[in-house]
Amino acid sequence: MALRREVLLKARQEAASARLDALTLPAGGGWITRAREDALTRLRAMGLPTRRDEYWKFTDPAALVAPATDSAELLGEDPDGTVFDTIDRLKIVFVDGEFDADASDDLAAEGLEITRLAEAARHDLHWARDAYGLLEAEGQAPVERPLAALNTAFATDGVLIRATGKVSRPVALHYLRKDGNADAMVHHCIKLEPGSEMTLLESGAAAARFSQVLEVDVGDGARFNHVRTQGRDHERVSNSNLFARVGEGGVLKSFTLSANGALTRNEAFITLNGRDGVAHIAGAALGDGAFHHDDTVFITHAAPACESRQVYKKVLRGGATGVFQGKILVKQPAQLTDGYQISQALLLGGDDSQFLAKPELEIYADDVKCSHGSTTGEIDPEQLFYLRSRGMPEEEASALLVLAFVAEAIEEIENPDLAEDVRTHLAGWLDRHRG
Amino acid sequence: MEETEMLEIKNLHAQLEEDPDVKILNGVNLTVEAGKVHAIMGPNGSGKSTLAYVLSGREGYEVTEGSVSLLGEDILEMEPEERAAAGMFLAFQYPVEIPGVGNMTFLRTAVNAQRKARGQEEMSSTEFLKAVRDKAKTLKIEPEMLKRPVNTGFSGGEKKRNEILQMAMLEPKMCILDETDSGLDVDAMKLVADGVNALRDANRGFLVITHYQRLLNHIVPDVVHIMSQGRIVKTGGAELALEVEENGYADILAEAK
């Protein structure tokens with residue numbers, strides 16, 4: 001075993017040094033450079049993942065790790081580009097991973113302090129210097145997440161947001177892609193002070209290769225809502241890491257809609273640190289053809305009486321692959337834990353698509369309620385016949401049933417306008433992928 | 001006055017697709033005229049529900065002989081949705097639960113799909129909402145039930161009332177009710193029967209499949225057929241149902257042999 005571990009580590013470190021040779025730490029100075037150097041030290045010790053890592057058993061990280069990325073075809077008019085357009089929001093635009101001041105709204109908003117990461121070093125943001133890279137570093141155990149450390153070290157842009165009040169108008173990060181080769185790393189850090197509230201939206205194609213880290217510290221009694229759509233471009237490869245900590249009575253709700261993408265790995269590492277905390281994380285993924293989508297979730301109940309939900313729905317066709325690795329860890333003090341996890345795949349048009357699921361529970365408290373389930377299936381012929389017998393053509397009936405299948409995930413979106421917007425977006429995708 | 005033939009079934013034979021040795025319908029002959037209510041009674045396994053499924057186009061059955069026409073048009077080659085658009089409606093014995101699809105969305109999509117298929121304009125939201133609310137009210141369907149997912153978590157009575165609501169909204173020409181009374185208490189049955197009776201008119205035909213006579217006290221049929229081993233073995237008036245109620249099927253079946 002020891003020998004195998006050494007061999008693996010060596011392979012990982014070789015992968016890391018090849019990647020690091022192609023990169024230089026962004027200029028910045030001050031506290032941000034120290035945070036980056038710390039991340040670099042973490043990364044060198046871990047190396048970058050390879051296919052032989054247990055945590056990457058179902059997803060080959062090669063395209064995410066390689067020193068250079070392939071170009072990905074730029075799409076013209078993105079039919080999904082209008083998501084969230086009907087929502088009143090504070091819009092922040094990134095082009096190929098770089099903040100675009102002209103296309104963005106004024107960053108001043110009541111109850112929020114928003115700063116560009118690229119300018120953070122020039123500001124003495126006490127909260128940010130204590131936060132940037134902190135949750136990522138804490139999230140490296142019990143499972144290493146080296147791509148996140150790589151991001152902390154090399155991300156050139158992003159936003160730092162501190163919420164101090166209850167803010168209803170969402171902050172929307174929109175990622176535009178203009179360069180076919182763009183290889184972008186973006187890192188956001190959000191701190192919600194006790195009792196504050198905010199909603200973060202994310203949308204857009206982003207880059208040919210996109211790496212994103214989102215660190216969210218939800219203070220006592222604070223609420224964080226997160227709704228994200230990942231663009232429809234087929235050739236994109238991306239990995240994202242959400243690191244979150246939820247304080248006493250705090251609430252975190254995160255939903256992601258992914259349509260297509262050659263390779264997507266969305267990781268979430270959430271720790272419920274205070275009594276009565278709530279964390280709901282959900283995703284709907286739609287893949288047609290060369291599509292590989294991986295949701296890897298790790299939720300730790302470290303305090304009593306917290307609730308967590310993981311709801312993942314994947315619609316796969318034409319040889320697409322869906323992966324779900326989800327864990328609920330209930331530590332000894334976390335009595336009265338309520339944990340729920342469901343991952344389901346709907347395979348359309350034959351059985352050439354696949355769903356690989358690894359649900360896990362690890363429980364050290366004795367008074368807990370935890371359930372998990374995972375299913376793979378096709379459209380229920382009884383339901384399909386019922387709808388057709390009422391006059392719906394087969395394709396229309398199927399589309400309705402697919403929407404019904406993902407409904408449980410979309411229901412995790414609190415705001416009804418946002419939920420409706422996501423539903424419309426999804427229906428549009430289904431419409432284009434019929435037959 | 002000449003009667004319009006709504007549904008005409010001639011010498012219909014059907015077997016299971018998976019197992020051709022299982023022959024369920026063995027020469028059904030039946031004509032339902034517009035404006036009339038026909039009932040089919042028969043013991044379990046006589047082929048009543050299969051007849052309903054074959055008429056509505058459900059997969060799993062192979063028609064080997066015979067024909068079925070709706071208003072003179074052959075429907076056996078039609079898809080289920082085409083039959084629906086042509087005016088066929090089946091009220092299911094076991095209405096299917098569809099979690100995730102709201103009852104309103106379902107109703108509206110169905111109504112508009114049929115209109116589209118017939119080349120009619122879609123119903124506007126306001127028009128649709130008003131129609132649903134009015135019809136739901138007469139069936140004592142709470143507005144809350146309209147918001148819930150289709151049949152999901154509905155009681156037996158709610159499911160059957162929901163079937164009748166769909167029938168009322170879709171305004172079919174030929175309504176088949178498959179064991180609509182099963183699992184209903186007397187009050188629920190009466191509500192369903194009232195809903196059906198309200199839809200009786202000169203331009204609509206009904207085929208009411210039931211195991212028991214009690215439903216026919218509320219939906220009084222013009223013609224009663226007894227089915228056994230995949231055929232109609234006896235046809236009579238409403239009094240035939242009473243005969244079954246009193247003496248059971250044994251005598252009739254013996255006589256038919």
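Chain B of this predicted model contains 10 helices and 12 strands, taken as DSSP runs (helices H or I with at least four residues, strands E with at least two) and numbered from the N terminus. The radius of gyration of chain B, computed over C-alpha atoms, is 18 Å, close to the 18 Å that the globule rule (2.2 Å times the number of residues to the power 0.38) gives for 257 residues, so chain B is as compact as a globular protein of that length. The C-alpha trace of chain B spans about 55 × 45 × 40 Å along its principal axes.

Residues are numbered from 1 along each chain as its sequence is written, and chains are lettered from A in the order in which they are written. Local features need pLDDT of at least 70 and side-chain atom pairs count only at pLDDT 80 or more, whereas totals for chains, interfaces and linings use all residues.

Within chain B, helix 6 (residues 156-170) and helix 7 (residues 186-199) pack at an angle of about 5°, with their axes 10 Å apart; axes are lines fitted to C-alpha atoms over the stretch in contact, and angles run from 0 to 180 degrees between N-to-C directions. Helix 6 of chain B is therefore roughly parallel (under 35 degrees) to helix 7 of chain B.

Of the contacts in chain B between residues at least 6 apart in sequence, 71% join residues at least 24 apart, a contact being two C-beta atoms, placed from the backbone, within 7 Å. Between the chains, the contact takes 16 residues from chain A and 20 residues from chain B. Helix 7 (381-389) and helix 8 (394-410) of chain A each supply at least two residues of the side of chain A that touches chain B.

Terms used. Parallel < 35°, antiparallel > 145°, perpendicular 65-115°, else oblique.
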